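This report looks at charged pairs and at a pocket. The sequence and the model come first, and the description follows.

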Amino acid sequence: MKKTLKAGAIILSSTDKNKVAILYSSRQNDYSFPKGHVESGENVMQAMLREVKEETGLDIKIIQTLPDINYATPSGEAVLIKMFLVKSENDSKLKPEFDKDKIEWVLIEAVTEKLSYNNLKEYFNSVKHFLNK
């Protein structure tokens with residue numbers, strides 16, 4: 001079975017080290033981290049940088065690579081997301097990609113309550129220790 005390769009990031013705020021950006025997608029009606037497909041000719045880091053810029057408007061600095069996320073969609077498609085921990089260079093440049101989308105700076109302790117999917121909640125809890133380094 002073919003795996004869909006995506007890249008994404010957990011974005012730390014430039015002004016408050018206790019906050020991360022959570023993206024609300026009006027099309028998906030969910031809260032998640034910025035992520036998207038790796039396009040032809042891109043490596044995962046280039047894809048992550050592009051997706052973060054498109055979905056949040058932010059310029060970021062890469063802090064470190066995080067563990068991957070593996071899951072299957074409801075239709076049975078296997079998905080692999082290469083994740084990165086990054087820091088916003090200027091929180092005021094926040095600009096959602098679509099009019100009805102929102103990006104919120106959420107306290108690290110409240111992120112799991114905000115995320116829409118159990119696998120993302122479990123993932124975030126498993127990598128939270130990286131955020132406080």
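## Salt bridges

In this predicted model, a search of the whole structure finds eight salt bridges. Several of them involve Arg50, which is buried, with a relative accessible area of 17%. Arg50 forms a salt bridge with Glu51, where the closest N and O atoms are 3.0 Å apart, and both of these residues are buried.

Arg50 also pairs with Glu54, the closest N and O atoms of this salt bridge being 3.3 Å apart. Because Glu54 and Arg50 are four residues apart in helix 1, about one helical turn separates them; Glu54 is partly exposed, with a relative accessible area of 35%.

## A link between a helix and a strand

Another salt bridge joins Lys114 and Glu104, whose closest N and O atoms are 3.0 Å apart. Lys114 belongs to helix 2 (residues 111–114) and Glu104 to strand 8 (residues 102–107), so the pair ties together parts that are 10 residues apart in sequence. Lys114 counts as partly exposed, at 29% relative accessibility.

Salt bridges with shared partners connect Glu39, Glu42, Arg50, Glu51 and Glu54 into one network.

## The largest pocket

The largest pocket has a volume of about 650 Å³, and 26 residues line it, with Lys6, Gln28, Asp30, Ser32 and Lys35 lying nearest its centre. Among the elements that give two or more residues to this lining are strand 2 (19–25), strand 3 (30–32), helix 1 (44–56) and helix 3 (118–131). By residue type, the lining of the largest pocket divides into 10 nonpolar, seven polar and nine charged residues.

Notes
Residues numbered from 1 in each chain as written. Predicted model: local features only at pLDDT ≥ 70, side-chain atom pairs only at ≥ 80, totals over all residues. Heavy atoms only, no water. 1 Å grid on protein atoms, 1.4 Å probe; cavity = no way out; pocket = protein on both sides within 12 Å on 5 of 7 lines; lining within 4 Å. Points joined across faces, edges and corners; volume = space filled by probe spheres on them. Nonpolar A, V, L, I, M, F, W, Y, C, P; charged D, E, K, R; others polar. Salt bridge = Lys/Arg side-chain N within 4 Å of Asp/Glu carboxyl O. Buried < 20%, exposed > 50% of the residue type's maximum accessible area, 1.4 Å probe, protein only.
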